[in-house]
Amino acid sequence: MAAPTTTWLITGSSRGIGLETTRQLLQAPSNVVIATCRSPSTAVELQALSEGAKGKLHILPLDTADMSSIDAVLKPVDEILGEGGLDYLLNNAAINVGMDTGFSFSPDDLLRTINVNVAGPGHLAQTLLPLLERGRKKTIMNMTSGLASIALDCGPKCATYSISKTAVNMLTYKQSKARPDFTVICLDPGWVKTEMGGEGAVLEPHESVSSILKVLGSLTLEDSGKFFNRDKGVIPW
Ligand SMILES: NC(=O)c1ccc[n+]([C@@H]2O[C@H](COP(=O)([O-])OP(=O)(O)OC[C@H]3O[C@@H](n4cnc5c(N)ncnc54)[C@H](OP(=O)(O)O)[C@@H]3O)[C@@H](O)[C@H]2O)c1
């Protein structure tokens, strides 16, 4: 018997971890992937995945900084999914304005980062909630970072980004408590060679993503509300 279809929506699929996640998910014929990005027409590597995807890849525009763009995605996603609903929402897109500190950050950058990294992902989950309710897995992964942890004591660097990711963690906790029937986690992908992670990072995107997909495949309701690393170790808040 063929495996049941599993449906995924990913943000920030134009490059980096989001692109690699889309690529790996398409290797399983049972997956239908809705890969979103700010500018589908310029996302050439993502467009190239359509060849050979046998109609299982749908590319839609979505800017997590623009709440109307999030609202606009509901109808086309609903039409693609039909009665089955959405199984997994992967809130992957984010920005990092760099090495600022608690005394050198720009308030404008902080607000912009909170918008892209926290308000957008939160609003996307709100918007897609009826579709997630119809899904089998009812799972949301909010991509976070080890830098979000106060307990890990990462020092003064990347204040704006870290503040935003700590807020992502709290969003995850609040979502999990509001919907005990959902599995909502935040996950640190490790230090990955992407535009954000830089060339000095330790992991290739394919290594990080294959671990992340293993974690996602293993999740149960008991995992909801937790902060995981890519090996499913629990990171202290
Ligand atoms: N790489 C690491 O070492 C590392 C470590 C810890 C956590 N993370 C997290 O992992 C996730 C993916 O990071 P990455 O390393 O793949 O970063 P990346 O290479 O910089 O890619 C970021 C992605 O987010 C998209 N994006 C940025 N702003 C957006 C917006 N307003 N709306 C929609 N999409 C937007 C980008 O799209 P455009 O092409 O349109 O700019 C791009 O596809 C992020 O949540 C990041 O915080 C990464």
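How do the residues of the shell around the ligand divide into nonpolar, polar and charged? The legends below begin with that shell, in a model that is predicted.

**Figure 1. The shell of residues around the ligand.** The shell is made up of 13 nonpolar, 10 polar and six charged residues. There are 29 residues around the ligand, and those that come nearest are Ser14, Arg38, Asn92, Tyr161 and Thr194.

Figure 2. One N or O atom in the side chain of Arg38 is 2.6 Å from an oxygen atom of the ligand. Two further residues take part through the backbone. A polar backbone atom of Ile17 is 2.8 Å from an oxygen atom of the ligand, and a polar backbone atom of Gly190 is 3.4 Å from an oxygen atom of the ligand. The ligand taken alone exposes 900 Å², and 93% of that is buried by the protein.

Figure 3. The ligand takes up the space of the largest pocket. Two helices, H1 (16-25) and H5 (159-178), are the elements that give two or more residues to the shell around the ligand.

**Figure 4. The stacked aromatic pair of Trp8 and Tyr88**. The structure holds two aromatic pairs. In the pair formed by Trp8 and Tyr88, the rings are 3.9 Å apart, centre to centre, with 10 degrees between the planes. Trp8 belongs to strand S1 (residues 6-10) and Tyr88 to strand S4 (residues 88-91). The two residues are 80 residues apart, and the pair thus links distant parts of the chain.

Terms used: Residues numbered from 1 in each chain as written. Predicted model: local features only at pLDDT ≥ 70, side-chain atom pairs only at ≥ 80, totals over all residues. Heavy atoms only, no water. Near = heavy atom within 4 Å. Polar contact = N/O pair within 3.5 Å; in protein donor to acceptor, adjacent residues only side chain to side chain. Areas by Shrake-Rupley, 256 points an atom, 1.4 Å probe, with all protein chains shown as cover. 1 Å grid on protein atoms, 1.4 Å probe; cavity = no way out; pocket = protein on both sides within 12 Å on 5 of 7 lines; lining within 4 Å. Sits in = over half its atoms within 2 Å of the grid points. Helix = DSSP H or I, 4+ residues; strand = E, 2+ residues; numbered from the N terminus. Nonpolar A, V, L, I, M, F, W, Y, C, P; charged D, E, K, R; others polar. Phe/Tyr/Trp six-rings, centres within 6.5 Å; stacked < 30°, edge-to-face > 60°.
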